[in-house]
Amino acid sequence: ASLGDAAELARRRAVNRLAMADLAAVLRSRGHDSVVPAFGNFLFVEIGEDADTLNAALLRQGVIVRSMGAFGARTALRITAGTPEEIAYLGEALTAVGAGATG
């Protein structure tokens, strides 16, 4: 139903743009500057280390991201934008596992 509602689509696009900007800011604040611009609801980020290892560490913190190793990018993750609380939690989890700068 929302696909037929122009106002709802505009609202959802605006929410997604804000979430993507917040996600990129959190990643950059942790030292992950290699964020590839995107047009969807996720970012491709080069993390400068083995993505499988960071993926497993984040999973133990309750954060689900996707390693891009299967696609030939062993040092990259695909991270979906979420709610402001989820994005903040990702930042906390990155700090907890020692991934990137601490702020």
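Start with Gly 98, which follows helix H3 and has a positive phi, near 75°. Keep in mind as you click that this model is predicted.

Now step back and select H3 itself, residues 84-96. At 1.5 Å a residue, its 13 residues should span 18 Å, and the end C-alpha atoms are 18 Å apart, so the two agree.

Next, colour Ile 87, Leu 90, Gly 91, Ala 93 and Leu 94: these residues of H3 are buried. Turn the view to look down the axis of H3: the buried residues fall within an arc of 165°, so they line one face of the helix. Over on the other side of H3, pick out Pro 84, Glu 85 and Ala 96, which are exposed.

What covers the buried residues of H3? Show helix H1 (6-29), helix H2 (51-60) and strand S4 (76-80), which are among the things that cover them.

Time to go inside. The largest nonpolar core has 23 residues, and Leu 23, Leu 27, Leu 58, Leu 77, Ile 79 and Leu 90 have the most contacts inside it. H1, strand S2 (42-46), H2, S4 and H3 each give two or more residues to this core. H1 gives the most, with six residues. In soluble globular proteins, nonpolar side chains tend to be buried together.

For the last stop, centre on Leu 77. Leaving aside residues up to four places away in sequence, Leu 77 touches a list of residues including Leu 43, Phe 44, Val 45, Leu 54, Leu 58 and Val 65. Asn 55, Arg 66 and Ser 67 are also among the residues that Leu 77 touches.

How values were computed:
Residues numbered from 1 in each chain as written. Predicted model: local features only at pLDDT ≥ 70, side-chain atom pairs only at ≥ 80, totals over all residues. Heavy atoms only, no water. Helix = DSSP H or I, 4+ residues; strand = E, 2+ residues; numbered from the N terminus. Expected span 1.5 Å × (residues − 1). Buried < 20%, exposed > 50% of the residue type's maximum accessible area, 1.4 Å probe, protein only. Arc of directions from axis to C-beta. Contact = heavy atoms within 4.5 Å. Core = buried A, V, L, I, M, F, W, Y, C linked by side-chain atoms within 4.5 Å.
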